[in-house]
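Visitor: I'd like to learn how to read sheets and pockets in a model. Can we take one and walk through it?

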Amino acid sequence: MKKIFIILFAALLSSLPSVSKSKVKKMSYSVDCIWKTDAYCAFTSLIKYKGKYYCSFREGESHVFDSQGKAEGRTRILQSKDGKRWRSVFLGSKSGIDLRDPKLSVMPDDMSATTVMMQRVLRSMSVLFQFSPNRTSSL
C-alpha cells in the first residue's frame, strides 16, 4: 500500500507544471515599529483612507488583565501620510470595560471603527462608532 501511495504521489508531482526561475517574482518585505509604548498592544487593523494610512489596535497593561485583575483595554488609532511617521489621532476607553479587537473599515459616508466591548468573561458585544479624522470622535 505504501508503494502505491509513493508511486501515485511521485506521478502527481511529475504531472505538475514546472516553473522556471525567470518567471518567479521575488518580493521583499520589511517590518518596522510604528508605536512604542510600555503598554501591551495587539489586534491591529490597517487601512488607507483619503491618501492616509490608519492603524487601530488594543492597548492595555497586558493581554487581558492589569495588575489589579481588571480588564480595561483601550482602543488607539494612529495616522500616517507616508507609512513611516505615525501620530495618535484617537484613544478611546470606558471605565470598567475592556475594548478589544478594534477594526477599521471605509463606509460610503465616512470611515468607521468597530470594537468589541467585553464587560465580563464570556459576555461581550460589538459597538460600531464613526471615526472621522476631521472631527472629534468618542465611544
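Visitor: In what order do the four strands form the open sheet?
Guide: This is a predicted model, and its four strands run E1-E2-E3-E4 across the open sheet, with antiparallel pairing. Strands E1 and E4 (87-92) sit at the edges with a single partner strand each, so one side of each has no neighbour in the sheet. On average, neighbouring strands are turned by 20° against each other, ignoring direction.

Visitor: Over how many bridges do E2 and E3 pair?
Guide: Seven bridges, in the antiparallel sense, with E3 covering residues 74-80. If you want a spot to look at, Glu 59 stands opposite Arg 74 in E3.

Visitor: Now the pockets. How do you find empty space at all?
Guide: The general idea is to roll a probe the size of a water molecule over the atoms, which shows where empty space is left. Here the largest pocket holds about 270 Å³ of space. Its lining has 14 residues, and Ile 34, Thr 44, Leu 46, Cys 55 and Trp 86 lie nearest the centre. Strands E1 (40-49) and E2 (52-60) are the elements that give two or more residues to that lining, with E1 giving the most, five residues.

Visitor: How do the residues of that lining divide into nonpolar, polar and charged?
Guide: Eleven are nonpolar, three are polar and none is charged.

Visitor: And what about the second largest pocket?
Guide: That one has about 160 Å³ of space. It is lined by 15 residues, with Glu 61, Asp 66, Glu 72, Gly 73 and Arg 74 closest to its centre. Its lining divides into three nonpolar, five polar and seven charged residues.

How values were computed:
Residues are numbered from 1 along each chain as its sequence is written. This is a predicted model: local features need pLDDT of at least 70, side-chain atom pairs count only at pLDDT 80 or more; totals for chains, interfaces and linings use all residues. Side-chain values use heavy atoms; hydrogens and water are left out. On a 1 Å grid over the protein atoms alone, a cavity is a set of points where a 1.4 Å probe fits but cannot get out, and a pocket is an open set with protein on both sides within 12 Å along at least five of seven lines; lining residues have an atom within 4 Å of a point. Grid points are joined across faces, edges and corners, and a volume is the space filled by probe spheres set on the points. Ala, Val, Leu, Ile, Met, Phe, Trp, Tyr, Cys and Pro count as nonpolar, Asp, Glu, Lys and Arg as charged, and the others, Gly among them, as polar. Two strands pair if DSSP finds at least two bridges between them. Axes are lines fitted to C-alpha atoms, for helices over the stretch in contact, and angles run from 0 to 180 degrees between N-to-C directions.
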